[in-house]
Amino acid sequence: MLIARSARLILSALTICAGIVAPASAEENRAYFSFGGEKRLPECTAASVQSAVAGSVARARQDYYGGRTILGINDIQEVAFRVNGLSPLARRYCSGTANLSDGSYQSVHYLVEEHAGFVGVSWNVEACLAPLDKWRVYGGHCSTLRPR
């Protein structure tokens with residue numbers, strides 16, 4: 001009886017997961033679950049994106065950026081928007097000038113990627129301060145966060 005109940009629970013869980021992962025229609029080319037009419041990605045200038053960029057830099061190791069944090073981002077530009085290419089996930093490539101806590105200004109490059117958030121439900125941001133990426137985590141001059 002316990003085995004049968006466990007088997008039913010596992011089967012129910014798999015059925016629910018299959019419904020979440022499968023696209024809503026054959027025309028829809030999304031890799032993961034997303035809500036019907038929502039925009040795929042926020043704009044580069046959106047406050048939530050700018051906050052995520054600042055948070056990404058703030059979460060870096062204390063010695064990586066020399067303890068600097070982003071106070072604001074100016075001159076924001078969308079460099080490219082890619083969707084339904086090699087990957088069905090939408091990617092928005094952005095750049096701007098970051099005003100840092102030490103009073104300096106540095107170029108910042110960031111990528112807003114669809115379904116890269118917690119369990120693939122939301123978007124995520126990867127950010128890089130180009131001249132300060134001393135370990136080249138994002139390649140030379142933040143190349144992995146720029147379109148190719």
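Select tyrosine 64. In this predicted model, tyrosine 64 is buried, with a relative accessible area of 7%. That counts as buried because the cut-off is under 20%. Tyrosine 64 sits in the loop between α2 (47-58) and β1 (70-82).

Look at the two rings. A pair of aromatic rings is described by the distance of the centres and the angle of the planes. A search of the whole structure finds 2 aromatic pairs. One of them joins tyrosine 64 and tyrosine 65: the centres are 4.7 Å apart, and the planes make an angle of 70°. This pair is edge-to-face, because planes over 60 degrees apart count that way.

Next, select tryptophan 135. How is its ring set against tyrosine 64, and at what angle? The pair is tilted, with 50° between the planes and 4.7 Å centre to centre. Tryptophan 135 lies in the segment after β4 (124-129), so its pair with tyrosine 64 ties together parts that are 71 residues apart in sequence. Is tryptophan 135 buried, exposed or partly exposed? Tryptophan 135 is partly exposed, with a relative accessible area of 46%.

Show the three residues together. Tyr64, Tyr65 and Trp135 are linked into a cluster by ring pairs.

Move on to valine 119. Find it in the loop between β3 (105-113) and β4. Valine 119 is exposed, with a relative accessible area of 66%. With Val119, they form a nonpolar patch on the surface. Together, the three have about 360 Å² of accessible area.

Technical notes: Residues are numbered from 1 along each chain as its sequence is written. This is a predicted model: local features need pLDDT of at least 70, side-chain atom pairs count only at pLDDT 80 or more; totals for chains, interfaces and linings use all residues. Side-chain values use heavy atoms; hydrogens and water are left out. Rings of Phe, Tyr and Trp (its six-membered ring) pair if their centres lie within 6.5 Å; planes under 30 degrees apart count as stacked, over 60 as edge-to-face and the rest as tilted. Helices (H or I, at least four residues) and strands (E, at least two) are DSSP runs, numbered from the N terminus. Buried means under 20% relative accessible area, exposed over 50%, partly exposed in between (1.4 Å probe, protein chains only). Patches are made of residues with over 30% relative accessible area and no salt bridge: like charges are joined within 9 Å, nonpolar side chains (Val, Leu, Ile, Met, Phe, Trp, Tyr) within 5 Å. Accessible areas come from the Shrake-Rupley method with a 1.4 Å probe; for residues, only the protein chains shown count as cover. A salt bridge is a side-chain nitrogen of Lys or Arg within 4 Å of a carboxyl oxygen of Asp or Glu.
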